[in-house]
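Please examine the sequence and the three-dimensional structure shown below. The explanation that follows is meant to be read alongside them.

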Amino acid sequence: MDATSSSSSWKGMMEQGNEPHVLAVDDNIIDRKIVEKLLKNSSCKVTTAENGLRALEYLGLGDDQENSLETSGSKVNLIITDYCMPGMTGYDLLKKVKESNAMKEVPVVIMSSENIPTRINKCLEEGAQMFMLKPLKQSDVKKLRCQLMTRS
């Protein structure tokens with residue numbers, strides 16, 4: 001990946017016919033499977049994690065990986081995470097990703113079944129690309145892809 005933003009990287013991948021790689025994080029296995037299926041239906045490669053700590057480990061941002069030179073960051077074009085999870089919320093995961101030099105350009109989408117404006121605003125102010133209400137539908141994934149592909 002070069003110095004361009006990850007969203008233009010997504011667009012470039014789509015033009016080349018490659019599948020964008022999405023990390024889907026949700027503690028609820030049913031919600032996780034729904035998101036995975038919707039993304040795969042939209043020609044995405046999907047990796048799932050059941051909580052924020054697993055996601056950080058996968059991204060190379062775990063506590064024991066902080067000083068590692070090699071990260072998996074380049075493997076992921078988008079992170080989509082549930083807000084309410086035990087241990088680490090989606091908001092906490094968002095903050096960790098945005099604090100990381102290697103991952104800060106990767107778009108993060110927060111999902112929640114609760115429509116709480118203060119929560120939504122807090123996530124967007126911290127750098128979330130979008131906030132989506134669960135359950136996700138195929139139209140949500142299409143909207144997400146359109147926004148990411150047109151974002152410069």
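The following paragraphs discuss a set of salt bridges and then some local features of the chain.

This is a predicted model, in which local features need pLDDT of at least 70 and side-chain atom pairs count only at pLDDT 80 or more, while totals for chains, interfaces and linings use all residues. Residues are numbered from 1 along each chain as its sequence is written, and side-chain values use heavy atoms, with hydrogens and water left out.

A salt bridge is a side-chain nitrogen of Lys or Arg within 4 Å of a carboxyl oxygen of Asp or Glu; by this rule the count comes to 8 salt bridges. One of them joins K134 to D26, with the closest N and O atoms 2.9 Å apart. This pair links distant parts of the chain, since the two residues are 108 residues apart. K134 also meets D82 in a salt bridge, at 3.1 Å from N to O. D82 lies in strand 3 (residues 78-82) and K134 in the loop between strand 5 and helix 6, so the pair ties together parts that are 52 residues apart in sequence. Helices (H or I, at least four residues) and strands (E, at least two) are DSSP runs, numbered from the N terminus. Salt bridges that share partners join D26, D31, D82 and K134 into one network.

Buried means under 20% relative accessible area, exposed over 50%, and partly exposed in between (1.4 Å probe, protein chains only). D82 counts as buried at 5%, and K134 is buried at 15%.

The peptide bond from K134 to P135 is cis, with omega near 0°. S43, although not a glycine, has a positive phi of about 60°; this residue is partly exposed, at 40%.
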